[in-house]
Amino acid sequence: MNLLTLENISKSYSEKKLIENISLGINDGEKIGLIGVNGTGKSTLLKIIAGVEEYDSGNIIKTNGIRIEYLPQNPEYNEDDTVLDQVFNGTSEELKLISQYQKVLEEVNSNYSDELNRKLLSLQEKIDTLNLWDLESEAKSILTKLGINDFNKKIGELSGGQRKRVSLASALITPCELLILDEPTNHLDNDTIDWLEEYINARKGSLLMITHDRYFLDRVTNRIIELDKGRLFSYEGNYSTFLERKSERLSLEASLEDKRQNLIRKELAWVRRGARARSTKQKARLQRFDELVSQDNLNSDENIEISVGSSRLGNKIIEIHNVSKSFGNKNIIDNLDYTVARNDRIGIIGKNGMGKSTLINIINGKLDPDKGYVSIGETVKLGCFSQDDAHMDPDMRAIDYVKEDSDYIETSDGTKITASQMCERFLFNGTMQYTLIGRLSGGERRRLHLLRTLMSAPNVLLLDEPTNDLDIQTLNILEDYLDEFSGVVITVSHDRYFLDRICNKIFAYEGNGKIHVYTGNYTNYLIYREVQGIEFENTEIESKSENKTIKKEKPKSEKKLKFTYNEQREFETIDSDIEKLEQSIESLEESTSKYATDFTKLQEILDEKASLEKELEHKYERWEYLNNLADEIANNK
């Protein structure tokens, strides 16, 4: 069932067109991820769909009675409200009723009267009728999962990250048909993101969200929409499928662009020969040439290419000697001792508030340890990328901010690139370079801060949550840069994909200031932790039963293992079924080049190919299951 349809929606700010003639349909049960470069209008599009921002032209058609809940990047708060007040401060009738009940209950407890008691009983009756008591317990459960345990604490006493999590809890419990989330994984630690994945996958209703977390997109979404230079592209499937489909689209556009360039060259040759008469036919051909030249380059995706430049790194890099740090009674770092090696790519992980940023600040000298010391080599040149952009002067131009650190960067081959050229590579064109920082979006400011950090040609990078608010395209290129970077990288991050892609060591905060060092990336760390847990449980079992001399064997099943009738038939034909599917897919791949200019037919072919690939994947799974079963049957004979 269609919930909402956008027809030719356009939106501009001053002379900048953010969205132009966008059409989109959202159906019941869809979980949609919206991606695109920062500054292209993703958040604006969410606000338009949520009804909190007007659009210039077009039309939005909504199903009668549809309820939309929207979580912005920067929610508004009443600092005097308690956590529960904020959670139930929604617009739905259910949340209003719960909120009213909470307030009356407080009044009854502080200033009892028969009238207030009757009002309380009336509200209780309504809540009973609508069965809303579960809503309150669910809210408390979600808050606990999000790391908020004091439900009566004032919002003004919470950190920025805690406030965002309270707002996320409010959005998750609000009954609605369409849930809209703008960067929901920001300020969440890895364990909490894992929980959020499970919660959203189990949740009924539709979802539309912006996130840069690629693992989250891959595990939660069943459709990806990409906003690219005012155009909207839709891809059925998760993030992995999107990457495959986008690759096919770009290949097609490259082929079409080559053909257009050939046409332009032919037309240019004709134009240079000169028109011999002013016939209508020749005028039409000249007009056609003008149209070809003025068309946008279909394959003009701007790539942020970062040339690697860094200064020489000596033998001594960073030595952390028995460092400890506490704040009050809270132990943040307990006796950390580590010598950084030349090839280290360290990811620092742990729950929020455990002190990950504190370690970064001790290394870069912003904080002094209570005990121990950090020794830094003479050749070390630190480049620090922090979460906070408060140091950026909103009245300064972007190019001047970059030039404050350096006018140019020298690449690994000795080539000098100016600050302006680097800005271009970071998608800051001539106009944006002279834009005031205060007028840039949050993601654009983060990108500018990253550019300035890299312009200093550091040989040791300290990155504190570098992935927050950066779009996926910028992240991809940053990761490519770090692949070629010859220095040391130490990063705090909750982005599991980024940690897997970049790191070869994990510093894991595991309680009471203890930091354990694991070799490998984030997935290796998870595997090690899981295996370690299994071994511990097995050891416990063995230690409890080591004095026993009699072992009770598991009774063998009397039922003979065999194929069912349908499984036997499937087992006999599955090899030929797989072969036919592979041939059909190969045939469709050949057809894509034949119909490269027929978009309607091409889309039909791509849809059919995707369907067959899905069926083939299922067949492979069945083949594995049936062959394993056949082996077991043979062994039990």
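1. The axes of H3 (residues 93-110) and H4 (residues 114-130) cross at roughly 150 degrees and come within 10 Å; axes are lines fitted to C-alpha atoms over the stretch in contact, with angles from 0 to 180 degrees between N-to-C directions.

2. The contact (heavy atoms within 4.5 Å) involves, among others, Leu97, Tyr101 and Val108 of H3 and Leu116, Leu123 and Leu130 of H4. Its residues divide into 11 nonpolar, 3 polar and 3 charged, where Ala, Val, Leu, Ile, Met, Phe, Trp, Tyr, Cys and Pro count as nonpolar, Asp, Glu, Lys and Arg as charged, and the others, Gly among them, as polar.

3. The model is predicted, with local features needing pLDDT of at least 70 and side-chain atom pairs pLDDT 80 or more, whereas totals for chains, interfaces and linings use all residues. Residues are numbered from 1 along each chain as its sequence is written, and side-chain values use heavy atoms, leaving out hydrogens and water.

4. An open sheet of mixed pairing is formed by 6 strands (E runs of at least two residues) in the order S5-S6-S7-S3-S8-S9. S5 (68-71) and S9 (231-236) each have a single partner strand, so one side of each lacks a neighbour in the sheet.

5. S3 (residues 31-35) and S8 (residues 223-228) pair in the parallel sense over 4 bridges, pairing requiring at least two DSSP bridges; Gly33 has Ile224 as its bridge partner in S8.
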